[in-house]
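Hi everyone, thanks for coming. Have a look at the screen, and I'll talk you through what's there.

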Amino acid sequence: MNCRLSIREDIHWIGVNDRETTLFENYWPLEKGVAYNSYLINDEKIAILDTVKFNKTTEYLEKIKEIIGDRKVDYLIVNHMEPDHSGSMLALLGAYPDMKIVGNKKTFPFIEGFYGITKNYYEVGDGESLDLGKHKLTFYLTPMVHWPETMMTFDETSGVLFSMDAFGGFGALDGGIFDDELNYDFYEDETRRYYSNIVAKYSPMVQRSLKKLAGLDIKMIAPTHGPIWRSNPSKIIDLYDKWSRFEADHGVVIVYGSMYGNTAKMADYLARIIAENGVKNVKVFDASKTHSSYILSEIWKYKAVVIGSCAYNTKVFSSVETVLAKLGNSGLKDRYISVFGNKSWSGGGVSGIEAFVSEIGWEKIGPSIEATYSPKDVEFEALNALGKEIADRLNNEYDK
Ligand SMILES: Cc1cc2nc3c(=O)[nH]c(=O)nc-3n(C[C@H](O)[C@H](O)[C@H](O)COP(=O)(O)O)c2cc1C
């Protein structure tokens, strides 16, 4: 028997946990797993909202059967076609061949392209509704949050917003399914890591969608990953608004790449100066040790970033290059940036980061500081001045 879980009258969570997959999208580390959430509305007509990844299909179909017995699924509502949510669609259609597949006009080419399904289509447009009996579902198209076909489904009867990947995060659901049943801070961090790495490039589209949803009386948000936000749904909506407007907290992220410790020494020294000058949130990351997804998530959170690199074959050190590439492609705006590093001959690390700074267009604080062989008094003095300048700027801005 699978655990049965009603999230609201007639509405069941039929999601699954995946603790075996180590990398989400074969790239993002899943230290605590991930949940693929799917929902079933058991009304006069039975509707399922999104499915789960193919590796969990058997468990998934079993859960559905345990709830509905010999009844049939009438509708599969496809809010998002990414295979971690559509991967059990073909099997579901096999089990319920008369099931209508509900999507918008951009959904169906994905269905045909991925799974060869060309029948049972039920097309809906923006703002259109579907009656299940007691429950009335209204569809809101949210293109490019974060794929072209994405949409959200609002249950007018219960006030549940089925938001697909929006408001979703990493982390399996270890018993607690609702935000008030688990460690909120962990899931908030993992939701921001999901946002900053997967959704954030489309922040302007997120803003547009938030405006579209603004008039709804949302009582609960049921995303396709992570917890169901029921205690205070507006909290996660406000965070999404903040993240997609690039608003940041008082703090500094220092990221460095270092082979033999000289650049690392500069990072630690600078961190101390910034902390001494009143900044409590100073986060230091060795880019070779911490996956870029965690670093990007912290940079999304805090206002200032300092990037350091040793020179490596005339370029920025590879692990730092990865962080820069991710940042450059993320669309993040309105951060302060500073630069430091080490070389032993003609350099390449600091100049490479400087090229990135001019490309991204963020305001640079202080001059770049580059040591040769190892940092000496002159560089420590310069780091001292830089640390004070960064702290002063932030303290002035956030004390207002
Ligand atoms: C494989 C390798 C490639 C390097 N390439 C360069 C380079 O292109 N230009 C340069 O000035 N120094 C280069 N260096 C020297 C280092 O950047 C220099 O020793 C620096 O102090 C190392 O800083 P770290 O202690 O933080 O690793 C290279 C070192 C190694 C091991």
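Predicted model: local features only at pLDDT ≥ 70, side-chain atom pairs only at ≥ 80, totals over all residues.

Where do they sit in the fold?

Okay, zoom out. The chain has twelve helices and 23 strands. Its radius of gyration is 24 Å, close to the 21 Å that the globule rule gives for 400 residues, so the chain is as compact as a globular protein of that length. The C-alpha atoms fill a box of roughly 80 × 45 × 35 Å along the principal axes, and buried residues make up 47% of the chain.

The chain splits into domain 1, residues 6-244, and domain 2, residues 249-393. Their centres are 38 Å apart. How many residues are in contact between them? Ten from domain 1 meet ten from domain 2. On the domain 1 side, strand 5 and helix 5 each supply at least two residues, and helix 5 gives the most, with four. That side divides into four nonpolar, three polar and three charged residues.

Now two helices I'd like you to find. Helix 9 runs over residues 292-301, and seven of its ten residues are buried, so it is largely enclosed by the rest of the structure. Among those buried residues are Ile-295, Leu-296 and Trp-300. What do they pack against? The partners of the buried residues of helix 9 include helix 5, helix 7, strand 17 and strand 19.

Then there's helix 12, residues 377-399. At 1.5 Å a residue, its 23 residues should span 33 Å, and its end C-alpha atoms are 32 Å apart, which agrees. Its buried residues include Ala-382, Leu-383, Leu-386, Gly-387 and Ile-390. Here's a handy rule: an α-helix has 3.6 residues a turn, so residues three or four places apart point the same way. The buried residues of helix 12 pack against strand 17, helix 8, strand 19, strand 21 and strand 23.

That's my tour, thanks!

Notes
Residues numbered from 1 in each chain as written. Buried ≥ 20, exposed ≤ 12 C-beta atoms within 10 Å, placed from the backbone. Contact = placed C-beta atoms within 7 Å. Expected span 1.5 Å × (residues − 1). Rg over C-alpha atoms; globule rule 2.2 N^0.38 Å. Domains from an automatic or database assignment. Nonpolar A, V, L, I, M, F, W, Y, C, P; charged D, E, K, R; others polar.
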